[in-house]
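Please read the following report alongside the displayed model. It goes from the whole chain to single residues.

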Amino acid sequence: MASTLTPIFCCSRISPYRPQIVEQEGKFNKFLEWARLTVISEVSSDNDTSSPVPDYAVQLVKQVNYGALESRRYFIPRRDLSGVEFIEVNEQWLIEKNFEKLNSYKNFRCTQHNKFFELNLYRKDAVNTHHWRANVARPSNEIDL
């Protein structure tokens, strides 16, 4: 597996923006706990289908506050001996594995670096493989932020 190391957030000073408790709070908290302790992430270029597919993925959208979109990244949980960690996958992986975007999100900002972050939750859709494939190419490039 080839990997590239890239920063997750701009710094450790991000704070919730209009915080709210959502039904999937635990999944967001696991990602945030990992992301705050992990300065850089492993970007997986391996689309190994023998690995078990997780039941959810987290999208991290980064942009200048009220400005240009800087990145859109996707992370899936992976269990190891030390607990839960996340690896980064590309959008095509989500399409192939039939994930769909949920209406569950959290917003954060960093006033020091003038950045805004949105976390969105995706889930594995085991029922309708055709429906999401028709819609997945649009959402990340045309609907998000």
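## Basis

This is a predicted model, in which local features need pLDDT of at least 70, side-chain atom pairs count only at pLDDT 80 or more, and totals for chains, interfaces and linings use all residues. Residues are numbered from 1 along each chain as its sequence is written, and side-chain values use heavy atoms, with hydrogens and water left out.

## Fold and surface

Four helices and eight strands are found in the protein chain. Helices (H or I, at least four residues) and strands (E, at least two) are DSSP runs, numbered from the N terminus. Along the sequence their order is β-β-α-β-β-β-β-α-β-β-α-α. Of the contacts between residues at least 6 apart in sequence, 69% join residues at least 24 apart; contact means heavy atoms within 4.5 Å.

The protein chain has 145 residues, and 43% of them are buried. Buried means under 20% relative accessible area, exposed over 50%, and partly exposed in between (1.4 Å probe, protein chains only). The accessible surface is about 8400 Å², with 49% belonging to carbon and sulfur atoms. Such areas come from the Shrake-Rupley method with a 1.4 Å probe; for residues, only the protein chains shown count as cover.

## Nonpolar cores

A nonpolar core is a set of buried Ala, Val, Leu, Ile, Met, Phe, Trp, Tyr and Cys residues joined through side-chain atoms within 4.5 Å. The largest one holds 21 residues, and Phe9, Phe31 and Leu119 have the most contacts inside it. Two or more residues each come from α1 (25-37), β4 (56-64), β7 (99-110) and β8 (115-124). Helix α1 gives the largest share, five residues.

Which residues does Phe9 touch, not counting residues up to four places away in sequence? They are Ile14, Phe31, Leu32, Ala35, Leu60 and Phe117. A second, separate core has nine residues, among them Ala57, Tyr74, Leu94 and Phe99.

## Helix α1

Helix α1 has 13 residues and spans 18 Å from its first C-alpha to its last, close to the 18 Å expected at 1.5 Å a residue. The expected span is 1.5 Å times one less than the number of residues in the helix. The buried residues of α1 are Glu25, Phe28, Phe31, Leu32, Trp34 and Ala35.

Ala35 is in helix α1. It counts as buried because its relative accessible area is 4%. Leaving aside neighbours within four places in sequence, Ala35 is in contact with Ile8 and Phe9. Ala35 and Phe9 are 26 residues apart in sequence, with their C-alpha atoms 7.7 Å apart.

## Second largest pocket

On a 1 Å grid over the protein atoms alone, a cavity is a set of points where a 1.4 Å probe fits but cannot get out, and a pocket is an open set with protein on both sides within 12 Å along at least five of seven lines; lining residues have an atom within 4 Å of a point. The second largest pocket contains about 170 Å³ of space. Grid points are joined across faces, edges and corners, and the volume is the space filled by probe spheres set on the points.

The lining consists of Pro16, Tyr17, Arg18, Pro19, Gln20, Glu25, Leu32, Tyr105, Lys106, Asn107 and Phe108. At least two lining residues come from each of α1 and β7, and the largest share, four residues, is from β7.

## Residues in strands

Ser104 lies in strand β7 and is buried, because its relative accessibility is 8%. Not counting residues up to four places away in sequence, Ser104 touches Val22, Gln24, Phe28, Leu119, Asn120 and Leu121.

Phe75 is in strand β5 (residues 69-80). Its relative accessible area is 0%, so Phe75 is buried. Phe75 and Ile87 are twelve residues apart along the chain, and 5.4 Å separates their C-alpha atoms.

## Positive phi in loops

Arg18 is in the loop between β2 (15-16) and α1. Although it is not a glycine, Arg18 has a positive phi of about 50 degrees. Is Arg18 buried or exposed? Arg18 is exposed, because its relative accessible area is 65%.

Tyr66 is in the loop between β4 and β5. Its phi is near 60 degrees, a positive value in a residue other than glycine. With a relative accessibility of 75%, Tyr66 counts as exposed.
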